[in-house]
Amino acid sequence: MGGSRGLAVHDGIEMSLLSGEHALYVEGSLRAARRWFDVAYQEAEQQGDTDGMARAALGLGGLWVHEHRTAAEAAVVRTRQRQALALVGPKSSLALRLRVRLAGEDDYRSGGYDRILAMVEEARRAGDPVALAEALSLAHHCVLGPEHGALRLALAQELIEEAQRTGRRGDLLMGLLWRTVDLVLAADPHAERALVELRGLLSKEDHLAVGFVVDAMEVMLSIRGGRLSEAEAMAGTCADRGAAAGDIDSAGWYAGQIAAIRWFQGRVAELVPMVTDMVNSPDLSEVDRSLLAVLAVSAATAGERRLAAGALARLRGQDLTVLPRSSTWLISMYGGIEAAYLLGDAATAAEIYDVLRPFERLPVVVSLGVTCLGSVHHPLGVAMLTCGETDKAIAHLRAAVHENLALGHWPAVALSRLRLGQALRGTEESRRILALARQEAASMGMALPADCPMPPAEVVCVRRGRKWRIELDGRSVLVEHVVGMAHLATLLANPGREIPAVDLAAGAAASDAAESAQPVLDEQARQTYKRRLAGLQAEIDELEAMNDLQRAATLRAERDWLIDELAAATGLAGRARQFAGSEERARIAVGKAIRRALVRIGEADPVIEERLRAAVQTGVRCSYHPA
């Protein structure tokens, strides 16, 4: 009887183990596998079945590293794995596989990879195909940072080959999945071809865990294609599949996808409540700070500056250079720069720029291809905008537009064009690029984010006698007086304000309405000019008596200008000259005068002319809108 019962118990343990292994490696059901392996471990422990304990402890680790996120759950699994390792033969395959698993878990939590790569070498030497396949997969998961692209591809290719020896379908799927992920992370043009191959295998026989990642990549591709509403619906379906598979990342990945969609929709401020609740979730990976980045950006966009600044400080930590470069590192840096831009934090932007710069040719892809925000050149350009390094910003943003086009990431193209247009502010190219960005955004139902609250370039336009001094962004020119310069000076002194052309022509820009005939100078202005002339002559005489010829010459220039103005403003017998005509005549006269003034400025400095020409609008109503 006892023997029959013992055999039945053994059969029960074996059945639980086989059910767990089938669920994990064939079906990809992480939830079902955990349940079977937990039952198997407890039964094997009661019966003193050390091999059964080891197989169950291995299965509890799952397919990925760090599947058990809470401290309590992780401690239980780790304790079982170590306990099983102490009981099985030290040179057995089970012992090697357990040491592989423990090394992978320890490295992932610390952000390292030395121990797991050493275990890959040991598994190779041992000639154990199952141990090597598991080591290759876990090692791949530990080197998802942006600097390890070549190493990851080599590990994935070796895993595909090793799967032929293990005969486990799950090993082949994992190898193909890792290879697809690698190609996506590298912006390889064959990435989508690899995804199609993987999807074809899954269509013949599903694997829940791998299929969940494939679905997530499909969401990413929809976002890239600008199909934002479709991507949002797909993200919900993908999250449901992840939950059904028992993948702990299903909620976090969904949040990341929605955050990307809201970012491109211009609705990222809506995320503040959700992300505030999620940012301290125990389900997040220990090396994942991406939700802090999302919180910083969404809070800054919503105007909650203290919350944004606090999240950005937590993201930075004590030293950005020691932040683990996990699969969410790039998105964390992207968000950190965007938040710094919105907060005007040039120091943080410069710090992140330095650590991010080596990866400028990569796309910002989250985790295993969950979502993509476009080229790394984009946040680098935004960082330089924040720091006031306009030339560097333009170079990065031009590259971002090109590389986002190559990715087929249309929302990112529009966003990079927006920032490039802002970096080129005040030029005709800026106007063209901004118009194209807005047109593209509108076609995708996408709202471009508001510009950084940086002040527009200040223009100084001051008259000195017969000359005008114009200063713009460190450039300075002197130009001779023409009528249009006075109109231009009025517009520059009132940025954003529309002024009727008749008011500019009449010299009364503050007037609310134009009459059919207005004096160019009213009586009060003429009297003021005459009093100033009398005073100037007295000052000139005094300065010449003191032999201060330079100052006297300056005042004579102003006196001559006033005489010209009075002559131009008066007719026969000193009567005030009238500006006769309609709004249309004023529009034509003022427009021509301003254009002549811009030509004169361009003869002295073409850059200032281009900036002003792009920002000044003429017509019945004239205005200056600095970019």
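Two elements are in contact here when their heavy atoms come within 4.5 Å of each other. With that in hand, welcome to a short tour of this predicted model. We will visit helix α15 (residues 290-301) and then an open sheet of three strands.

- The length of α15 makes sense: at 1.5 Å a residue, its twelve residues should span 16 Å, and the end C-alpha atoms are 17 Å apart, which agrees.
- Just after α15 comes Gly303, with a positive phi of about 85°.

**The three-stranded sheet**

- The strand order is β6-β10-β9, and the strands pair in the antiparallel sense.
- β6 (499-500) and β9 (616-617) are the edge strands; each has a single partner strand, so one side of each has no neighbour in the sheet.
- Two bridges join β9 to strand β10 (residues 621-624), in an antiparallel pairing.
- For a landmark in the sheet, look for Val616, which stands opposite Tyr624 in β10.

**A helix across the sheet**

- Helix α23 (residues 483-492) lies across β6, β9 and β10.
- Relative to β10, helix α23 runs at about 65°.

Definitions and conventions. Residues are numbered from 1 along each chain as its sequence is written. This is a predicted model: local features need pLDDT of at least 70, side-chain atom pairs count only at pLDDT 80 or more; totals for chains, interfaces and linings use all residues. Side-chain values use heavy atoms; hydrogens and water are left out. Two strands pair if DSSP finds at least two bridges between them. Helices (H or I, at least four residues) and strands (E, at least two) are DSSP runs, numbered from the N terminus. Axes are lines fitted to C-alpha atoms, for helices over the stretch in contact, and angles run from 0 to 180 degrees between N-to-C directions. The expected span of a helix is 1.5 Å times one less than its number of residues.
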